[in-house]
Amino acid sequence: GLILLCLLFINQSFGRIITFDFAGLAGSEASANSNYNDANLTSSTITRGSGVTSGANADRFNSTNWTTASSVDNTDYLQFTITPNAGYQFSVSSILIQHQRSGTGPINFVLRSSLDSYTANLGGIHTIADVTTTQSYTFTFTQSNSSAAVTYRVYAYQSEAAAGTWGIGDGTGNDIVVSGTVSAISCSAPTTQASSITFSAIDLTQMTVNWTNGYGSKRVVIMNTA
């Protein structure tokens, strides 16, 4: 008979799926590339929102003019986008960020995503210690099975002075580490099988096979030599 097959892809990668390392930057670049992408993902460069400006400081992606307000300014952010390849999806469990501020830089930052139009904080609010040495924080949250592009924004705010600077980087190893999984998208068995198979124009080496399509988007015909 005619059998409709649905292939379930089980290949999946775990752990670091995107990383950025800003070692060697002057700090004032308009954008910077990731240094590792999972084979089934692409990442945009990291860029700044319109409310902040570049501020040179070696080995980080640095900015100044962060808001002095005690809440997020929607134009003051750094952002990058992760896009899965066709037929793949990705999940995120955490994003680690190494960062450094000047003596009058911002004292809070949050992580948000385009999945809810940058409304909710992912993994809470992080308060930056009032020091100028490198710090590290991991935002832990659950984002499951994204099959389309997702943009992540890091908003820093409550700067001690408008001229204060803050940037991601100047740490040891990768400065942004996105951890999670990447997997091929599985398909579901069709709810209506193909039917009404017919054979015509039969000769010694070939024949025509027709049928009424079922619900599935693809068909496979299996023939037995007997």
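**Overall dimensions and aromatic contacts**

The protein has a radius of gyration of 25 Å, whereas a compact globule of 226 residues would have one near 17 Å. These values, like those below, refer to a predicted model. Along the principal axes, the C-alpha atoms occupy a box of roughly 85 × 30 × 25 Å. The secondary structure consists of 16 strands and 0 helices. Among contacts with a sequence separation of 6 or more, 74% are between residues 24 or more positions apart. Of the 226 residues, 41% are buried.

Aromatic side chains were examined next. The structure contains 9 aromatic pairs. One of these is formed by F22 and F61, whose rings are tilted, with 6.0 Å between the centres and 35 degrees between the planes. F22 is located in the loop between strand 1 (12-20) and strand 2 (36-37), while F61 belongs to strand 6 (residues 60-64); the pair thus links distant parts of the chain, 39 residues apart. F22 and F61 are both buried.

A further tilted pair is made by F109 and W166, with a centre-to-centre distance of 5.0 Å and an angle of 40 degrees between the planes. Because F109 lies in strand 9 (residues 108-113) and W166 in strand 13 (residues 165-169), this pair ties together parts that are 57 residues apart in sequence. F109 has a relative accessible area of 0% and is therefore buried. W166 also counts as buried, because its relative accessibility is 0%; the cut-off for this class is under 20% relative accessible area.

Ring pairs also join residues into a cluster, which comprises F20, F22, F61, F80 and Y152. The cluster thus includes F22 and F61, the two residues of the tilted pair with planes at 35 degrees.

At F61, a member of the cluster, the charged end of R48 sits over the ring at 4.1 Å from the ring centre. F61 accordingly has an aromatic partner in F22 and a charged group, that of R48, over its ring. In the second case, R153 lies over the face of Y77, and the distance to the ring centre is 4.0 Å.

Note on methods
Residues numbered from 1 in each chain as written. Predicted model: local features only at pLDDT ≥ 70, side-chain atom pairs only at ≥ 80, totals over all residues. Heavy atoms only, no water. Phe/Tyr/Trp six-rings, centres within 6.5 Å; stacked < 30°, edge-to-face > 60°. Helix = DSSP H or I, 4+ residues; strand = E, 2+ residues; numbered from the N terminus. Buried < 20%, exposed > 50% of the residue type's maximum accessible area, 1.4 Å probe, protein only. Lys NZ or Arg CZ within 6 Å of the ring centre and 35° of its normal. Rg over C-alpha atoms; globule rule 2.2 N^0.38 Å. Contact = heavy atoms within 4.5 Å.
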